[in-house]
Amino acid sequence: MKCPVCKNIFLEKTSLLDELYAYSCKSCGGNWMRYEDYWKWHESNPNPANKPLDIKTHLPVNDIIQAKICPDCGRILIKYRVDNRLDFYVEHCGNCNGIWFDKNEWDNIKLNNLHGQIHHFFTKPWQKRIREEAARENLQDKYIKKFGRWDYERLKEMREWIYKQEKKNEMLSYLLDEDPYKI
């Protein structure tokens, strides 16, 4: 089978972890993982990783932009975010479920203890969570820019306190009224 990036280089079988096999390209450094190999490894390692660490990109990744074709079944691979704190996508075949990792993507996934969760990356709930986290971080950045970090933190504390109160609506009305003592 040939590399989906280099197109003319044959992939060579390699071991990414004990009993977890993939097919590596010596030219671009990418790895093709067949789903059945991953699942066999996953089943024999019920706790392959602890909780994810403080997720970050440890090694540089050159996420190849070009469309890739599945080396096993010839279908187009679809890009999926792994986490919004990681600056790359992995490619997945919707037909045979194989997975392509560009150079250093697998290593970053492993360094972040996400390698036991690969089967979740391609699910709607996983992708939805990533989108929601990204939107939340985007809004938080906008609020910090608008108010400043110190004021934003105080606002969050006040908001949390107000929303725990039984009479929160009255409190919010009081705060929003220009002159709450005017009749």
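This is a predicted model: local features need pLDDT of at least 70, side-chain atom pairs count only at pLDDT 80 or more; totals for chains, interfaces and linings use all residues.
Lys-26 lies in the loop between strand 2 (20-24) and strand 3 (31-33), while Glu-12 belongs to strand 1 (residues 12-17), so the pair ties together parts that are 14 residues apart in sequence.

The two partners may also be described by their accessibility. Lys-26 counts as exposed, at 60% relative accessibility, whereas Glu-12 is partly exposed, with a relative accessible area of 41%.

## Other salt bridges

Side chains of opposite charge can pair when their charged atoms come close. The structure holds twelve salt bridges, and one of them joins Arg-85 to Asp-83, with the closest N and O atoms 2.8 Å apart. Asp-83 has a relative accessibility of 1% and therefore counts as buried, the limit being under 20%. Arg-85, at 38% relative accessibility, counts as partly exposed.

A further salt bridge links Glu-160 with Lys-164, the closest N and O atoms being 3.3 Å apart. Both residues lie in helix 4 (residues 149-164), where they are four residues apart, about one turn of the helix. Glu-160 counts as partly exposed, at 48% relative accessibility, and Lys-164 is exposed, with a relative accessible area of 62%. Elsewhere, salt bridges that share partners join Lys-68, Lys-79, Glu-91 and Asp-102 into one network.

## An annotated domain

For residues 69-110, an unreviewed UniProt entry lists "domain: Transcription factor zinc-finger". In the model, the chain over residues 69-110 is 14% helix and 26% strand.

## A nonpolar patch on the surface

Five named residues, Leu-139, Tyr-143, Phe-147, Leu-155 and Met-158, form a nonpolar patch on the surface. Together they have about 450 Å² of accessible area. The elements that give two or more residues to the nonpolar patch are helix 3 (124-147) and helix 4. Helix 3 gives the most, with three residues.

Met-158 is one of the patch residues, and its place is in helix 4. With a relative accessible area of 47%, Met-158 is partly exposed. Helix 4 also holds Glu-160 and Lys-164, the partners of the salt bridge described above.

How values were computed
Residues are numbered from 1 along each chain as its sequence is written. Side-chain values use heavy atoms; hydrogens and water are left out. A salt bridge is a side-chain nitrogen of Lys or Arg within 4 Å of a carboxyl oxygen of Asp or Glu. Buried means under 20% relative accessible area, exposed over 50%, partly exposed in between (1.4 Å probe, protein chains only). UniProt positions are given in the numbering used here, feature names are shortened, and annotations may be inferred rather than shown by experiment. Patches are made of residues with over 30% relative accessible area and no salt bridge: like charges are joined within 9 Å, nonpolar side chains (Val, Leu, Ile, Met, Phe, Trp, Tyr) within 5 Å. Accessible areas come from the Shrake-Rupley method with a 1.4 Å probe; for residues, only the protein chains shown count as cover.
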